[in-house]
Amino acid sequence: MMDIETGGYGRTNRPVFDRLEGQQSQHLYVKNQVCKFWLAGQCNRNPCRFLHSHSPNPQPQPKSIPQPQPQQSDDPNANYGNKIKTTWRNPNISASKNVKVSSPMNVKVSSPGVVTSDVNCGHSGQRAQQKLCQYWVTGNCVHGDKCKDLHSWFSGSGLALLTKLERHNKAVTGVALPCGSDKLFSGSKDESVCLWDCNTGQCVGIVKPGGEIGCLISEGPWVFVGLQNAVMAWNIQTQTELLLRGPVGLVKALVVGGDMLFGCAQDGSILAWKFSSESSCPELVATLKGHKLAVLSLVVGAGRLYSGSKDETIRMWDLKTLQCLQTLSGHTNFVTSLICWDCYLLSGSLDSTLKVWAATESGDVQVVYEFKEESGILALSGIEDSQSKHILLVSCKDNTVRLYDLPSFSERGRVFAKREVEAIAVGCGDLFFTGDATGQLSVWKLLGGSSAEEG
């Protein structure tokens, strides 16, 4: 057994990683841009070529993605461990076998391979975003309050940085806070898993699984850690420790669908382990092959497993038969993140694009919308604010995490980091966590509200 400190775990519930997530676009207005000097009360130009208003001239109202009502599933595993309200609807309860899963976006196939949609995801009323002052980050800015760049770890209102947790010395690759537990788990490339006391913010235990951590998730009483050629399964209720062997190379993504754990491998395969009960050892039941290069991302939605790979494709697998149903092409770089939101699959890539996929009347899944980010997409997550509004979190290679309101896709703020944020996780309630490439773990709290101001 591993020698760690623990504080008496209670029984945990279905965690953050299994929450469905959606995504949004990020084109900032170039025309009708808000004057940043006016925002700071310092503009002396009259007339000024930028707007002296928080909103640009009236724009056509963007059409939001409709939100279909949840439908109950007859899948006996649909609610496995799902005992808390989730922000991103459980994909297993998005459709029953009597309801065809299709896009509610009025999808039209205008020609073979070309899909159009009535959805127009724009940014109305956005203000120009400030850049983080790099001199302030290092403590060397001499301009103080007069600096034109931001002296804060976030921009936007309704957000508070509670604390920064520092123990890892390399990139954080996974974070999980199971509901019902008083411990936060974080995994890193420094070959350690840290346990953090949620009451004190102190690191109360360090686990050394014996190699670099590729990913970390939790499900029910289990914490799963992706390792080199293996997955560590640790039951925090019984303190049972298991090592699931079979993957080739570093396991970069894990996901639970129904009663199965899926883990990806560097040879392009996906391994499936099945639970016979919450307390028993998962049994390897299948290996899914098809990708030509390493698999980087996994998500489960509407009876399907989706996998994103370095081969720039997404594969859709049937959860019951474990057969590949369709290969989705279109990205021109690694597919780094996949999430589901209602009837949509969203994919983020290092090609700086986010694609929204939905089923057409023929049953094929095709792109119904896409937009270009300013930099490559690393990770996606989602949370609800105090008014039950859905907020999308998008981590990009420019060391920022953007927060967008859904389904309007209007940007409410940004979180800044010293390096790229490779891990995002959502806790119970209004907490979320970001882990960057320096090893720093930040704890954030939503306060409600979305007007633009710095904090």
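This is a predicted model: local features need pLDDT of at least 70, side-chain atom pairs count only at pLDDT 80 or more; totals for chains, interfaces and linings use all residues.
User: How many cavities of 30 Å³ or more does a search of the whole structure find?

Analyst: Start with the general idea. Rolling a probe the size of a water molecule over the atoms shows where empty space is left. On a 1 Å grid over the protein atoms alone, a cavity is a set of points where a 1.4 Å probe fits but cannot get out. A pocket is an open set with protein on both sides within 12 Å along at least five of seven lines, and lining residues have an atom within 4 Å of a point. Grid points are joined across faces, edges and corners, and a volume is the space filled by probe spheres set on the points. Here the search finds 2 cavities of 30 Å³ or more. Residues are numbered from 1 along each chain as its sequence is written, and side-chain values use heavy atoms, with hydrogens and water left out.

User: Which strands each supply at least two residues of the lining of the largest cavity?

Analyst: Strands (E, at least two residues) and helices (H or I, at least four) are DSSP runs, numbered from the N terminus. The strands here are β27, β29 (431-436) and β30 (440-446). β30 gives the largest share, 3 residues. Lining residues include Lys164, Phe416, Asp436 and Trp444.

User: What is the volume of the largest pocket?

Analyst: About 990 Å³. It has 40 lining residues, and the closest to its centre are Lys252, Leu296, Thr336, Leu378 and Glu422. Several strands each supply at least two lining residues, among them β5 (172-176), β16 (295-301) and β28 (421-426).

User: How do the residues of that lining divide?

Analyst: Ala, Val, Leu, Ile, Met, Phe, Trp, Tyr, Cys and Pro count as nonpolar, Asp, Glu, Lys and Arg as charged, and the others, Gly among them, as polar. The pocket lining has 24 nonpolar, 9 polar and 7 charged residues. For the largest cavity, the lining has 5 nonpolar, 3 polar and 3 charged.

User: How many salt bridges does the structure hold?

Analyst: A salt bridge is a side-chain nitrogen of Lys or Arg within 4 Å of a carboxyl oxygen of Asp or Glu. The structure holds 13. One joins Arg402 and Glu374, at 3.4 Å from N to O. Arg402 lies in strand β26 (residues 400-406) and Glu374 in the loop between β23 (365-372) and β24 (377-384), so the pair ties together parts 28 residues apart in sequence.

User: Which residues form salt bridges with Arg412?

Analyst: Asp385 is one partner, with the closest N and O atoms 3.0 Å apart. Asp385 sits in the loop between β24 and β25 (390-396), and Arg412 in strand β27 (residues 410-416), 27 residues apart. Asp405 is another partner, at 2.6 Å. Buried means under 20% relative accessible area, exposed over 50%, partly exposed in between (1.4 Å probe, protein chains only). Asp405 and Arg412 are both buried, and Asp385 is buried too.

User: Is Leu261 buried or exposed?

Analyst: Buried, with a relative accessible area of 0%. Leu261 lies in strand β13 (residues 260-264). A contact means heavy atoms within 4.5 Å. Not counting residues up to four places away in sequence, Leu261 touches several residues, including Ile217, Phe224, Leu244 and Trp273.

User: What is the mean pLDDT of the protein?

Analyst: pLDDT is the predictor's confidence in each residue, from 0 to 100. The mean is 74, and 69% of residues reach 70 or more. Over residues 1-32 the pLDDT is below 50.
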